Structures are given as structure tokens and as C-alpha cells.
Amino acid sequence: MFQKITLIGNLGRDPDMRYMPDGSPVTQFSLAVNRKWNGSDGNQMQETTWFAVSVFGKTGEACNQYLAKGSKVFIE
């Protein structure tokens with residue numbers, strides 16, 4: 001079975017890069033994804049869902065170097 005998720009949102013904090021015991025880098029950050037819709041009464045509603053993201057290896061190093069709090073990112 002295969003599952004796939006696509007997220008577009010903004011970083012909630014600066015990325016935090018650490019190293020695993022074997023020396024490989026891992027970068028972690030939180031991602032806020034907002035959803036807006038019109039309620040049954042016509043008022044605009046908004047909901048924010050938070051995701052914890054971990055990125056490994058050279059991609060994690062690039063995330064740590066180029067991303068900052070508030071950056072818009074696309075994750076697949």
C-alpha cells in the first residue's frame with residue numbers, strides 16, 4: 001500500500017539541525033497549513049493544522065541553510 005501527502009504552508013519556527021549518532025544530519029521544523037472556507041452562516045472560517053517535519057541528509061542541510069521562520073514551503 002502506498003500513501004502520499006502534499007503540504008503547502010509556512011514554517012512556524014526556524015529549522016533545527018542536529019546530527020544522528022552515525023554523523024548524518026537531520027533537520028526538524030514545524031509547518032503550519034491554513035484552510036479557509038465559508039461557513040453555513042456565510043462567515044469566513046479559518047483553521048490551522050500543524051505538522052512536525054523531519055528532513056534527512058543533504059536535503060536537511062539545505063533546509064537548514066535556506067529556510068527560516070515564515071518561509072513558504074511545498075512538501076511532497
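I started with Thr27, which counts as buried because its relative accessibility is 0% (buried means under 20% relative accessible area, exposed over 50%, partly exposed in between, with a 1.4 Å probe and protein chains only). This is a predicted model, where local features need pLDDT of at least 70, side-chain atom pairs count only at pLDDT 80 or more, and totals for chains, interfaces and linings use all residues. Residues are numbered from 1 along each chain as its sequence is written, and side-chain values use heavy atoms, without hydrogens and water.

I placed Thr27 in strand E3, residues 25–38 (strands are DSSP runs of at least two residues, numbered from the N terminus). I found a polar atom of the Thr27 side chain 2.7 Å from the backbone oxygen of Gly60. I then listed contacts of Thr27 beyond four places in sequence; among them are Pro15, Met17, Val53, Gly60 and Cys63 (contact means heavy atoms within 4.5 Å).

Leaving aside neighbours within four places, Val73 touches Leu7, Leu11 and Leu31, among others.

Last, I read the pairing (at least two DSSP bridges between two strands). E1 pairs antiparallel with E5 (residues 72–75) over four bridges. Ile8 has Phe74 in E5 as its bridge partner. E1 also pairs antiparallel with E3, over two bridges. There, Asn10 has Ala32 of E3 as its bridge partner.

How values were computed: A polar contact is a pair of N or O atoms within 3.5 Å; within protein, one must be able to donate a hydrogen and the other to accept it, and residues adjacent in sequence count only if both atoms are side-chain atoms.
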